[in-house]
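Trainee: Before we look at any numbers, could you take me through how the parts of this fold are arranged against one another?

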Amino acid sequence: VLQHVLDEGRLESAVHAIAAHVEDGGRIVLLEAAPTVATHSCDTAIFQARTSGDYLDLFTRCGLRLIAVQGVDPAPFKIWLLPFYRRLPRIVGNSLLLIATLASLPIDGIFGRRLVDASWHKVFVLEKKGRNQV
């Protein structure tokens, strides 16, 4: 849900709070909208897609170390549709979203974990740095 925390200060406070509940060496798994390249075409009053690099910088500032990152959805069809979705009649928008989702499934299922940079969402596996870790 970090993509719904729009204020940068509150975002960093939220990640610090999450990290505070994890023991040194403990792990956190987060799924976030984190495109590799900045795009604001899908941002709204309640959502902001930060880049994976922005998240990695944030996690480092909060004492978390990246263990692994995997992609989820490299097929671009939904991302192409979303900027226009709210302007379409509901039946048209929902139908196109269904088509985009169905067209994406085979690509996402086969290549999601391999095409990390192409994926809109990423799964971050993080470890809380211990006192002796750098």
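This is a predicted model: local features need pLDDT of at least 70, side-chain atom pairs count only at pLDDT 80 or more; totals for chains, interfaces and linings use all residues.

Trainee: How is helix 1 oriented relative to helix 2: roughly parallel, roughly perpendicular or oblique?

Mentor: Helix 1, residues 8-20, and helix 2, residues 52-61, pack with their axes 9 Å apart and at an angle of about 55°. Because angles of 65 to 115 degrees count as roughly perpendicular and those under 35 degrees as roughly parallel, the relation of helix 1 to helix 2 is oblique.

Trainee: Which residues of helix 2 make the contact with helix 1?

Mentor: The crossing of helix 1 past helix 2 is right-handed. From helix 1, the contact draws on Leu-11, Glu-12, Val-15 and His-16, and these meet, from helix 2, Leu-58, Phe-59 and Arg-61.

Trainee: Which strands stand at the edges of the sheet?

Mentor: The sheet is open and consists of 3 strands in the order 1-3-2, with antiparallel pairing. Each edge strand has a single partner, so one of its sides is left without a neighbour in the sheet, and this applies to strand 1 (27-33) and strand 2 (64-71).

Trainee: Which residue in strand 3 stands opposite Gln-70?

Mentor: Strand 2 and strand 3, the latter covering residues 121-128, run antiparallel and are joined by 7 bridges. Within strand 3, the residue opposite Gln-70 is Val-123.

Trainee: At what angle does helix 2 run to strand 3?

Mentor: Helix 2 lies across strand 1, strand 2 and strand 3. Relative to strand 3, helix 2 runs at about 15°.

Definitions and conventions. Residues are numbered from 1 along each chain as its sequence is written. Side-chain values use heavy atoms; hydrogens and water are left out. Axes are lines fitted to C-alpha atoms, for helices over the stretch in contact, and angles run from 0 to 180 degrees between N-to-C directions. Helices (H or I, at least four residues) and strands (E, at least two) are DSSP runs, numbered from the N terminus. Angles under 35 degrees count as roughly parallel, over 145 as roughly antiparallel, 65 to 115 as roughly perpendicular and the rest as oblique. A crossing is left-handed if the near helix is turned anticlockwise from the far one by less than a right angle, and right-handed if clockwise. Contact means heavy atoms within 4.5 Å. Two strands pair if DSSP finds at least two bridges between them.
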